[in-house]
Amino acid sequence: MARPYVVTEITAATMAPGAGDYGLVRDAAIVVTEGRIAWAGPESDLPSDYVGFDRQTCGGRLVTPALVDCHTHIVHGGNRAREFEMRLNGASYEEIARAGGGIVSTVGDTRGASEAELLASALPRVDALIAQGVGTVEIKSGYGLDTGTELKMLRVARALGQHRPIQVLTSFLGAHAVPAGDDADTYIDRICLPTLEAAHAEGLVDAVDGFCEGIAFDTVQIARVFDKAHALGLPVKLHAEQLSHIGGTALAAKYGALSADHVEYSTEVDAALLADAGTVAVVLPGAFYTIHETQPPPVQAFRDHGVPMAVATDWNPGSSPLGSILLAMNMACTLFRMTPAEALAGTTRNASRALGLLDCGVIAAGMRADLAIWNVSDPAELSYGIGINPLHLRIFGGVF
């Protein structure tokens, strides 16, 4: 374990709830001991117990919690660059999916790849996120649609957290698409639910997700998956109302989901339900941008009802090949009219909440010492830049 130290000569965006847009503390100091934050506040108030600690001076730079990417699909085989061309030639996301493209087209490549190959292809994606200040990433299964491949994907996701200094949470997304030649109910009975049980028994699952959409699974089918998740003691989250409104957001709220993700076609009523349930709305501007969607999520309704909003990359090979959390923040501002403060909250404290995490996403005593030090003076600069990475240094578990 590293010696205790104090980070000084910083402006700290603590992102503490109720402390203003950024919880900004200028001329701040952060005390780190045993991988945790022991104290944070104005340097002039530094308790005498910490005065003799080693100092890490940062030259007036901005410090935030390490970022959290709370929705990704970065373990997969192959890519779908050809579908990118098809979309540019006028095909919709639904048309591509119904023609055998979309999610199902990645399944073959993922089934055919070994665990070692999937790990090798996913490591550069994790490295890209780390390089932009990410300390925690969520990774979903869902490109196997059979027991062996779903378990393989989850094992690789777990392994990524062993090969790199990053916290990985996994989501079982067996209800992602219906395999060719199956119907949805048969697939849920024969593959999805038994695989969830097997993955849980192996300790591979932190949460259970589903794709509730006309081209995937309806609310009744997803409810069956969620019932199994709750029976196993697992929290749930949901891809909801991305392409149409079929009741997914209300279902997520009914089951007390950690998050409802995409939510472009959610309504004012849905926003109220999410607020009552304490469910986070995760907006994914990369997918909105890539599939040429025209209806943005109801951000103002989320504000009005006090729904916490998170922002994530949705990094996947088809609808959001976006490997930059900073660009996702910029897109949330420019496409969805979120403020830079909302975007940073969406990649720190609200993203942590969307994963059920209570010890990261905020700079405060007792939290993990996962921090990002930036070559900027104003936190709005993190959402302002396009294709710019101002990260100076990332601290993970107190380690530089």
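Which residue in β14 is the bridge partner of Ala 372? The bridge partner is Arg 394.

## Basis of the model

This is a predicted model, in which local features need pLDDT of at least 70 and side-chain atom pairs count only at pLDDT 80 or more, while totals for chains, interfaces and linings use all residues. Residues are numbered from 1 along each chain as its sequence is written, and side-chain values use heavy atoms, with hydrogens and water left out.

## Overall form

The protein has 15 helices and 14 strands; these are DSSP runs numbered from the N terminus, helices being H or I of at least four residues and strands E of at least two. The radius of gyration, taken over C-alpha atoms, is 21 Å. The globule rule (2.2 Å times the number of residues to the power 0.38) also gives 21 Å for 400 residues, so the protein is as compact as a globular protein of that length. Along the principal axes, the C-alpha atoms fill a box of roughly 70 × 45 × 40 Å.

Of the 400 residues, 58% are buried, where buried means under 20% relative accessible area, exposed over 50% and partly exposed in between (1.4 Å probe, protein chains only).

## The six-stranded sheet

Six strands form an open sheet with mixed pairing, in the order β3-β2-β1-β4-β13-β14. Two strands pair if DSSP finds at least two bridges between them. The edge strands, β3 (36-42) and β14, each pair on one side only.

Strand β13 (residues 371-374) pairs with β14 in the antiparallel sense over four bridges. Strands of a sheet pair through backbone hydrogen bonds, either parallel or antiparallel.

## Aromatic pairs

Rings of Phe, Tyr and Trp (its six-membered ring) pair if their centres lie within 6.5 Å; planes under 30 degrees apart count as stacked, over 60 as edge-to-face and the rest as tilted. The count by this rule is five aromatic pairs. In one of them, the ring centres of Tyr 5 and Phe 400 are 5.2 Å apart and the planes stand at 45 degrees, so the pair is tilted. Tyr 5 belongs to strand β1 (residues 5-13) and Phe 400 to the segment after β14 (391-395), so the pair ties together parts 395 residues apart in sequence. Tyr 5 is buried at 4% relative accessibility, whereas Phe 400 is partly exposed at 40%.

Phe 226 and Tyr 255 form an edge-to-face pair, with 5.4 Å from centre to centre and 70 degrees between the planes. Phe 226 lies in helix α7 (residues 219-231) and Tyr 255 in the loop between α8 (248-254) and β10 (259-262), so this pair ties together parts 29 residues apart in sequence. Phe 226 is buried, with a relative accessible area of 0%, and Tyr 255 is buried at 14%.
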